[in-house]
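The report that follows sets out how a protein chain is arranged and how some of its side chains meet. Please keep the sequence and the coordinates at hand while reading.

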Amino acid sequence: MTDLSLPFVFGLLTCVFVLSLALTRVMITLGPRLGLMDEPDERRVHETPIPRAGGIAIWLSFLTVAWLGRLFLPECVEGSHCRQLHVFTFASAILMVVGFIDDRSGMRALLKLGGQIAAALLYFILDPSLREMSIFGIEVP
């Protein structure tokens with residue numbers, strides 16, 4: 001891995017922060033238009049409807065930085081998971097669609113769980129690096 005300077009890393013993190021703030025602001029505006037509103041009820045602490053689209057902004061920010069890093073700084077972004085970024089993108093998109101549908105119109109728990117399991121299985125099947133891994137130095141087949 002290339003040795004990165006502190007100003008470069010700080011600049012990169014600042015750009016990511018600004019991107020996530022900007023996308024969050026966009027999603028606050030788009031949330032109501034997409035029907036992604038959390039209505040107040042007896043289980044909620046808020047008293048007015050609030051948008052539920054913040055996760056989309058964070059997901060888009062992360063993917064933007066990951067793909068741009070892979071494209072423009074391949075020597076700094078290494079590892080098997082970076083090589084499988086397309087697999088992560090596809091599997092996480094499934095999770096985002098499931099979450100979007102659930103936030104917009106509600107979804108039965110078993111159906112939501114099925115979507116989450118499908119995304120995890122897809123990731124496991126398409127990413128051969130998951131066949132052997134270590135957790136805290138202990139090999140897990």
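In which helix is the place of Leu63? Leu63 has its place in helix H2, where helices (H or I, at least four residues) and strands (E, at least two) are DSSP runs numbered from the N terminus.

## Basis of the description

This is a predicted model, in which local features need pLDDT of at least 70 and side-chain atom pairs count only at pLDDT 80 or more, whereas totals for chains, interfaces and linings use all residues. Residues are numbered from 1 along each chain as its sequence is written, and side-chain values use heavy atoms, with hydrogens and water left out.

## Overall organisation

The protein has five helices and four strands, and from the N terminus on its elements follow the order α-β-β-α-α-α-α-β-β. Of the 141 residues in the protein, 20% are buried; here buried means under 20% relative accessible area, exposed means over 50%, and partly exposed lies in between (1.4 Å probe, protein chains only).

The accessible surface of the protein comes to about 10000 Å², and 71% of this surface belongs to carbon and sulfur atoms; the areas come from the Shrake-Rupley method with a 1.4 Å probe, and for residues only the protein chains shown count as cover. Among the contacts in the protein with a separation of 6 or more, 51% are accounted for by residues 24 or more positions apart, a contact being defined by heavy atoms within 4.5 Å.

## Helix H2 against helix H4

Helices H2 and H4 pack at an angle of about 170°, and their axes are 12 Å apart. That makes H2 roughly antiparallel to H4. The axes are lines fitted to C-alpha atoms, for helices over the stretch in contact, and angles run from 0 to 180 degrees between N-to-C directions; angles under 35 degrees count as roughly parallel, over 145 as roughly antiparallel, 65 to 115 as roughly perpendicular and the rest as oblique.

On the H2 side, Gly55, Ile56, Trp59, Phe62, Leu63, Ala66, Trp67 and Arg70 meet Leu85, His86, Phe88, Thr89, Ser92, Ala93, Met96 and Phe100 in H4. By class, the residues of this contact divide into 11 nonpolar, four polar and one charged, where Ala, Val, Leu, Ile, Met, Phe, Trp, Tyr, Cys and Pro count as nonpolar, Asp, Glu, Lys and Arg as charged, and the others, Gly among them, as polar.

## Individual residues of H2

Leu63 is buried, with a relative accessible area of 9%. Leaving aside neighbours within four places in sequence, Leu63 is in contact with Phe88 and Thr89, and the C-alpha atoms of Leu63 and Thr89, 26 residues apart along the chain, are separated by 7.3 Å.

Ile56, also placed in helix H2, counts as buried at 19% relative accessibility. Thr64, found in helix H2, counts as partly exposed at 32% relative accessibility, and lies 10.0 Å from Ser20, C-alpha to C-alpha, at a sequence separation of 44 residues.

## Helix H4 against helix H5

The axes of helix H4 (residues 85-105) and helix H5 (residues 109-126) come within 9 Å and cross at roughly 175°. That makes H4 roughly antiparallel to H5. In this contact, Val87, Phe88, Phe90, Ala91, Ile94, Leu95, Val98 and Asp102 of H4 meet Lys112, Gly115, Gln116, Ala119, Leu122, Tyr123 and Leu126 of H5, and by class the contact of H4 with H5 has 11 nonpolar, two polar and two charged residues.

The structure holds two aromatic pairs; rings of Phe, Tyr and Trp (its six-membered ring) pair if their centres lie within 6.5 Å, and planes under 30 degrees apart count as stacked, over 60 as edge-to-face and the rest as tilted. Phe62 and Phe88 form an edge-to-face pair, 5.7 Å centre to centre with 70° between the planes. Phe62 lies in helix H2 (residues 54-72) and Phe88 in helix H4, so the pair ties together parts that are 26 residues apart in sequence. Phe62 is partly exposed, with a relative accessible area of 45%, and Phe88 is partly exposed, with a relative accessible area of 29%.

The rings of Phe88 and Tyr123 have their centres 6.4 Å apart and their planes at 90°, so this pair is edge-to-face. Because Phe88 lies in helix H4 and Tyr123 in helix H5, the pair ties together parts that are 35 residues apart in sequence. Tyr123 counts as buried, at 16% relative accessibility.
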